[in-house]
Amino acid sequence: QVQLVESGGGLVQAGGSLRLSCTDSKRTFSNNGVGWFRQAPGKERVFVAAIGWRGGTLYADSVKDRFIISRDNKVYLQMNTLQPEDTAIYYCASARSSLATRDVAQYRYWGQGTQVTVSA
């Protein structure tokens, strides 16, 4: 059973940066795609970014050019120029395939999430 753990969240001022990390219990994501999603209070969980096994990436329009997803034996989400609207719980998830995908239904394993709060 894969267990995903997110870290790196916290409180930051608008314009600041944070780097989130996601690890799995076996220190590898095998050959799966991995995605980041976020959920703000009272809102649905939405796609943020994803990276495939071979490095292909996808981004939500709201974070493109500000966030960068990367991977080695962990998966990272570098978040720059953070804004208050980026405040949410951020989740990483392991996909059923090796591809990056926006489709939440294509993700099988999820972490517990890490809180990101951006103050104005």
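Trainee: Is Ser 70 buried, exposed or partly exposed, and why?

Mentor: Ser 70 counts as partly exposed because its relative accessibility is 29%; buried means under 20% relative accessible area, exposed means over 50%, and partly exposed is in between, with a 1.4 Å probe and protein chains only. Please keep in mind that this is a predicted model, where local features need pLDDT of at least 70, side-chain atom pairs count only at pLDDT 80 or more, and totals for chains, interfaces and linings use all residues. Residues are numbered from 1 along each chain as its sequence is written, and side-chain values use heavy atoms, with hydrogens and water left out.

Trainee: What is Ser 70 in contact with, leaving aside its neighbours within four places in sequence?

Mentor: With those neighbours left aside, Ser 70 is in contact with Ile 51, Val 75 and Tyr 76, where contact means heavy atoms within 4.5 Å. Ile 51 is 19 residues away along the chain, and its C-alpha atom is separated from that of Ser 70 by 7.0 Å.

Trainee: Which strand does Ser 70 lie in?

Mentor: Ser 70 lies in strand β7; strands are DSSP runs of E with at least two residues, numbered from the N terminus.

Trainee: And what is the strand order in the open sheet of four strands?

Mentor: The order is β1-β3-β8-β7, with antiparallel pairing, and two strands pair if DSSP finds at least two bridges between them. Because β1 (4-7) and β7 (67-71) stand at the edges with a single partner strand each, one side of each is left without a neighbour in the sheet.

Trainee: How many bridges do β3 and β8 have?

Mentor: Strand β3 (residues 18-24) pairs with strand β8 (residues 75-79) over five bridges, in the antiparallel sense, and Leu 18 has Met 79 as its bridge partner in β8.

Trainee: Changing topic, how many aromatic pairs are there?

Mentor: The count comes to four aromatic pairs, where rings of Phe, Tyr and Trp (its six-membered ring) pair if their centres lie within 6.5 Å, and planes under 30 degrees apart count as stacked, over 60 as edge-to-face and the rest as tilted. One of them is Phe 37 with Phe 47, an edge-to-face pair at 5.7 Å centre to centre with 75° between the planes. Phe 37 lies in strand β4 (residues 34-39) and Phe 47 in strand β5 (residues 46-51), so this pair ties together parts that are ten residues apart in sequence.

Trainee: Are Phe 37 and Phe 47 buried or exposed?

Mentor: Both Phe 37 and Phe 47 are buried.
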